[in-house]
Amino acid sequence: MILLDDLTPKEYWPPEWHGRTDPIRKFWLKDLRIAATEIRVTAKSAVIFATRIQWL
């Protein structure tokens, strides 16, 4: 298991980042080998909690 902290929710990204994709979120939240979720811990802070999926 892994916990990635100190992530900024998209609505609080600086203007120059608007319309971009976050490569960290893309990897952890979209990779089929990983089960992950983003959890808002404060209004302006989030974490991703993830674990590798064990294939049978």
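User: Okay, patches are made of residues with over 30% relative accessible area and no salt bridge, and nonpolar side chains are joined within 5 Å. Which residues make the nonpolar surface patch here?
Analyst: Met 1, Leu 3, Ile 39, Val 41 and Phe 49 make it, and the patch comes to about 540 Å². Keep in mind that this is a predicted model.

User: Take Leu 3 from that list. Where does Leu 3 lie, and is it buried or exposed?
Analyst: Leu 3 sits in strand 1. Its relative accessible area is 52%, so it counts as exposed, the cut-off being over 50%.

User: What's the bridge partner of Leu 3 in strand 3?
Analyst: That's Phe 49, another of the patch residues. Strand 1 and strand 3 (residues 45–52) run antiparallel, with 4 bridges between them.

User: Can you zoom out? How many helices and strands, and what pattern?
Analyst: There's 1 helix and there are 3 strands, and the order along the sequence is β-α-β-β. The C-alpha trace spans about 45 × 25 × 10 Å along its principal axes.

User: How much of the chain is buried?
Analyst: Buried residues are 25% of the 56 in the chain. The accessible surface is about 4,600 Å², and carbon and sulfur atoms account for 60% of that.

User: Switching to Asp 22. Where is it, and why does it count as buried?
Analyst: Asp 22 is in the loop between strand 1 (2–7) and helix 1 (23–30). It counts as buried because its relative accessible area is 15%, and the cut-off is under 20%.

User: Which polar partners does the Asp 22 side chain have?
Analyst: One is the side chain of Arg 25, in a polar contact of 2.6 Å. Also, a polar atom of the Asp 22 side chain lies 3.0 Å from the backbone nitrogen of Ile 24.

User: Is Arg 25 buried or exposed?
Analyst: Buried, with a relative accessible area of 8%. Arg 25 is in helix 1, and beyond its neighbours within four places in sequence it is in contact with Leu 7, Thr 8, Pro 9, Trp 13, Lys 30, Glu 38 and Ile 48.

User: And the other arginine, Arg 52: buried or exposed?
Analyst: Exposed, at 64% relative accessible area. Arg 52 is in strand 3 and touches Arg 33 and Ile 34, if you skip residues up to four places away.

User: How far is Arg 52 from Ile 34?
Analyst: Their C-alpha atoms are separated by 4.5 Å, though the two residues are 18 apart along the chain.

User: Last one: what joins strand 2 to strand 3?
Analyst: A hairpin does, through 2 residues. Ala 43 has its place in that loop and is exposed, with 51% relative accessibility.

Technical notes. Residues are numbered from 1 along each chain as its sequence is written. This is a predicted model: local features need pLDDT of at least 70, side-chain atom pairs count only at pLDDT 80 or more; totals for chains, interfaces and linings use all residues. Side-chain values use heavy atoms; hydrogens and water are left out. Buried means under 20% relative accessible area, exposed over 50%, partly exposed in between (1.4 Å probe, protein chains only). A polar contact is a pair of N or O atoms within 3.5 Å; within protein, one must be able to donate a hydrogen and the other to accept it, and residues adjacent in sequence count only if both atoms are side-chain atoms. Patches are made of residues with over 30% relative accessible area and no salt bridge: like charges are joined within 9 Å, nonpolar side chains (Val, Leu, Ile, Met, Phe, Trp, Tyr) within 5 Å. Accessible areas come from the Shrake-Rupley method with a 1.4 Å probe; for residues, only the protein chains shown count as cover. A salt bridge is a side-chain nitrogen of Lys or Arg within 4 Å of a carboxyl oxygen of Asp or Glu. Two strands pair if DSSP finds at least two bridges between them. Contact means heavy atoms within 4.5 Å.
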